Amino acid sequence: MAVYSKILLAVDLSEESDQLIEKTRTIAQNNHAELTVLHVIEPLSFAYGGDVPMDLTTVQDQLDEHARIKLSAFAEKLNYPVESQQVITGHTESEIHRMAEDKECDLIIVGSHGRHGLALLLGSTANSVLHGAPCDVLAVRVYEPET
Ligand code: AMP
């Protein structure tokens with residue numbers, strides 16, 4: 001029985017994103033689900049408090065282009081037909097929620113470091129996505145690559 005028909009996979013495009021591939025593919029295959037893959041770029045102006053005395057448009061465009069290339073390479077590795085690849089500029093959690101709503105997704109998949117203590121208090125993307133999500137959220141435990 002298909003439980004999920006539209007899945008949103010959110011990736012930060014770090015090496016750890018690869019750890020989401022196998023479970024996402026298996027769930028998508030088992031449900032014959034439509035898969036959207038999303039990467040959110042936080043605007044440079046956010047990082048500098050919106051108070052930068054220069055035009056960051058060109059740099060932002062380059063970041064966007066770089067992210068599109070990386071996301072496309074990531075989508076290839078999924079080895080499952082990706083319905084839609086999205087690179088969006090904005091606030092990560094809000095854009096994940098917005099995309100899930102726009103695409104009428106019934107499952108969001110994100111990575112989770114299983115942080116505890118102070119790191120947990122400071123928050124994680126998985127936690128923030130869970131709060132206010134319009135559908136189920138699967139937080140797949142990821143591990144930091146050994147150095
Ligand atoms: P974090 O708690 O920020 O280390 O991120 C955990 C998970 O949140 C990642 O594995 C992704 O699934 C998701 N995530 C974090 N940042 C982004 C981003 N910029 N775009 C899309 N998903 C993200």
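Select β2 first: this strand gives the largest share of the shell around the ligand, 3 residues, where strands are DSSP runs of E with at least two residues, helices are runs of H or I with at least four, and both are numbered from the N terminus. The model is predicted, so to speak of local features takes a pLDDT of at least 70 and side-chain atom pairs count only at pLDDT 80 or more, while totals for chains, interfaces and linings use all residues. Residues are numbered from 1 along each chain as its sequence is written, and side-chain values use heavy atoms, with hydrogens and water left out.

Next, show the elements that give two or more residues to this shell, which are β2 (34-41) and β4 (107-112). Of the 13 residues around the ligand, A10, V40, G111, H113 and T125 come nearest, a residue being near if one of its heavy atoms lies within 4 Å.

Now turn to the polar contacts, pairs of N or O atoms within 3.5 Å. At V40, a polar backbone atom is 2.8 Å from a nitrogen atom of the ligand. At G111, a backbone N or O atom lies 2.9 Å from a ligand oxygen atom, and at T125 a polar side-chain atom is 2.6 Å from an oxygen atom of the ligand. The protein buries 87% of the 480 Å² that the ligand exposes when taken alone, by the Shrake-Rupley method with a 1.4 Å probe.

Finally, display the largest pocket, where the ligand sits, meaning that more than half of its atoms lie within 2 Å of the pocket's grid points. A pocket is an open set of points on a 1 Å grid over the protein atoms alone, where a 1.4 Å probe fits, with protein on both sides within 12 Å along at least five of seven lines, and its lining residues have an atom within 4 Å of a point. Among the 21 residues that line the largest pocket, A10, V11, D12, G111 and T125 lie nearest its centre. β2, α4 (92-102), β4 and α6 (125-130) each give two or more residues to this lining.

Terms used. Polar contact = N/O pair within 3.5 Å; in protein donor to acceptor, adjacent residues only side chain to side chain.
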